[in-house]
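Hi,

Here is the structure I promised to pass on. Have a look at it first, and then read my notes below.

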Amino acid sequence: MIWQLKPSLVVVSALLLSACSNQLNPTERVQHTANAPEQWQQAKASAFKVEDNWLQQLENPQVFALVEQALASNQEILQSGYDVAIKQQQLIASGAALWPSLDLSARTNRSKNNRPVSYSNVSSANLTLNYEVDLWGKLSDAQRQANLDFLAQQANFQQAKQRLVGDVVSGWFNVITAQKLLALYQQREKNAEQNLAIIESGYRQGINDALDVYLTRNELSNERSRIAGQKATLSQAIRALERLTGDYPRGALSVEADLPLLNKSIPLGLPSELITRKPSLMASWYQLLSTDANLAYAHKQRFPSLNLSATLGDSADRVSDLFSPSNLAWSLVGSISSPLFDAGRLSADEEAARLAVLRQEQVYLASLYDAFNEVETAISQEQSLQIRYLATLKAQENAIAAEQLSFEQYQSGLVTYTTVLDAQDRSFDAQSSVIEIKNQLIINRINLHIALGGDFSQPTNESTEQ
């Protein structure tokens with residue numbers, strides 16, 4: 001009766017499988033929904049591909065050494081590396097289900113009979129081979145899901161490395177910026193000391209008022225307060241950089257470099273290229289395909305399964321007599337099992353898997369549009385920062401000239417000392433703004449490289465093929 005029902009079960013299952021394959025097509029739904037623009041909205045057309053190996057443009061051995069140390073010792077990146085290794089082992093375990101399993105069991109039993117008193121020894125050994133025929137590709141779907149999970153973890157690992165390198169380089173420039181601001185504060189302290197000496201000398205001669213002396217002393221105290229705060233900021237920036245490299249935050253790292261002016265544009269590529277370039281997008285896509293494979297697996301759980309089992313065994317009074325050719329026994333069993341009633345459990349599992357695919361589609365679309373937004377924002381931010389830098393640089397020149405002129409006019413008795421203080425504040429704001437905007441330009445350029453999927457090193461042929 002079972003073999004008579006088997007053809008009908010096969011036909012019904014094949015029809016169900018065909019219906020499932022027509023429904024499982026997240027690729028078309030995502031491509032229909034995600035309409036990538038032909039060009040970036042905030043930039044002119046660029047036919048050049050995104051550059052890799054952007055780190056080498058810095059041409060500084062110290063930052064190269066810090067990046068290398070971070071990739072080798074940063075605790076978070078090491079955790080991500082172990083996650084990849086765990087997924088790889090899970091992939092191996094999933095693939096093992098496609099192969100037969102061979103088990104060996106042995107047993108020895110000693111018993112006593114009282115009437116009459118006698119002892120008996122029985123030893124047995126069995127060699128069992130079990131194999132589930134992948135009739136509908138269910139086991140293949142499980143392995144495909146594990147493989148896609150592994151690829152997603154690999155892509156996340158690549159994204160984590162790019163982000164870590166970007167954070168290290170940004171932290172390095174933050175230290176340089178803090179040093180530049182500290183030097184500016186110290187120079188202003190020196191100028192305030194010189195001004196105080198001149199004004200106190202004029203006060204003793206009856207040329208200047210006591211108010212001017214108090215205002216100058218107040219300015220000197222403010223500069224010394226700024227210096228103390230900036231030293232703490234510099235120490236904090238150094239410790240943050242040391243932690244990124246996986247080192248103890250001693251605050252003892254010495255950095256000697258300047259802030260470069262980034263006035264050269266970089267190739268932006270096309271928005272459509274971002275989908276296959278950025279590791280985080282690739283990871284999200286692999287996760288979508290993984291949930292799709294899980295839906296196929298959940299659907300095929302409702303189909304009949306075919307299992308084969310072969311056993312070779314023997315039992316004897318002595319262990320040495322086991323597996324004697326004359327006593328060996330074997331058996332071969334084939335079984336087909338199919339779920340008939342489970343109170344809707346398998347149907348609910350399949351529906352949950354289907355909803356998970358739909359949810360993951362939205363996760364992928366959200367990550368895709370977020371990636372586009374990061375690029376567009378970085379492009380517009382760079383354009384704004386370039387305009388701000390040129391305007392602030394011009395303001396710095398005027399402010400420095402006004403500061404010098406105001407003090408000369410004060411000594412000539414043409415203006416009050418409050419005018420000098422106002423000119424000094426404007427000069428300080430302009431000089432510090434130039435330093436900070438240069439750093440913002442650099443940080444934004446690093447973020448733009450990462451947003452475009454540009455790697456910090458030149459990819460090898462092997463990684464490109466992967």
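Let me start with helix H4, whose buried residues pack against helix H3 (61-73) and helix H5 (138-204). Contact here means heavy atoms within 4.5 Å, and buried means under 20% relative accessible area, with exposed over 50% and partly exposed in between (1.4 Å probe, protein chains only). Helices (H or I, at least four residues) and strands (E, at least two) are DSSP runs, numbered from the N terminus.

Before going further, two caveats. This is a predicted model, in which local features need pLDDT of at least 70 and side-chain atom pairs count only at pLDDT 80 or more, while totals for chains, interfaces and linings use all residues. Residues are numbered from 1 along each chain as its sequence is written, and side-chain values use heavy atoms, with hydrogens and water left out.

Back to H4. It covers residues 75-95, 21 residues in total, and runs 31 Å from its first C-alpha to its last, close to the 30 Å expected at 1.5 Å a residue (the expected span is 1.5 Å times one less than the number of residues). Which of its residues are buried? They are Ile 77, Ser 80, Val 84, Leu 91, Ser 94 and Gly 95. Looking down the axis of H4, these buried residues fall within an arc of 95 degrees, so they line one face of the helix; the arc is that of the directions from the helix axis to the C-beta atoms. An α-helix has 3.6 residues a turn, so residues three or four places apart point the same way. Tyr 82, Ile 92 and Ala 93 are exposed on the other side of H4.

Next, the surface. Leu 102, Leu 104, Leu 127, Leu 129, Leu 312, Leu 328, Trp 330 and Leu 332 make up a nonpolar patch with about 830 Å² of accessible area together. Patches take residues with over 30% relative accessible area and no salt bridge, joining like charges within 9 Å and nonpolar side chains (Val, Leu, Ile, Met, Phe, Trp, Tyr) within 5 Å. The areas come from the Shrake-Rupley method with a 1.4 Å probe, and for residues only the protein chains shown count as cover. Strands S1 (101-114), S2 (117-133) and S4 (329-337) each supply at least two residues of the patch. Trp 330 sits in S4 and counts as exposed, at 66% relative accessibility.

Now the charges. There are 18 salt bridges in the structure, each a side-chain nitrogen of Lys or Arg within 4 Å of a carboxyl oxygen of Asp or Glu. One of them pairs Lys 138 with Glu 132, the closest N and O atoms being 3.4 Å apart. Lys 138 is buried at 13% relative accessible area, whereas Glu 132 is partly exposed at 24%. Another joins Glu 200 to Arg 217, with the closest N and O atoms 3.1 Å apart. That pair links distant parts of the chain, Glu 200 being in H5 and Arg 217 in helix H6 (residues 210-244), 17 residues apart.

Glu 59 has phi near 55 degrees, a positive value in a residue other than glycine; it is in the loop between helix H2 (26-33) and H3. Ala 343, also not a glycine, has a positive phi of about 60 degrees, and its place is in the loop between S4 and helix H9 (345-411).

Cheers
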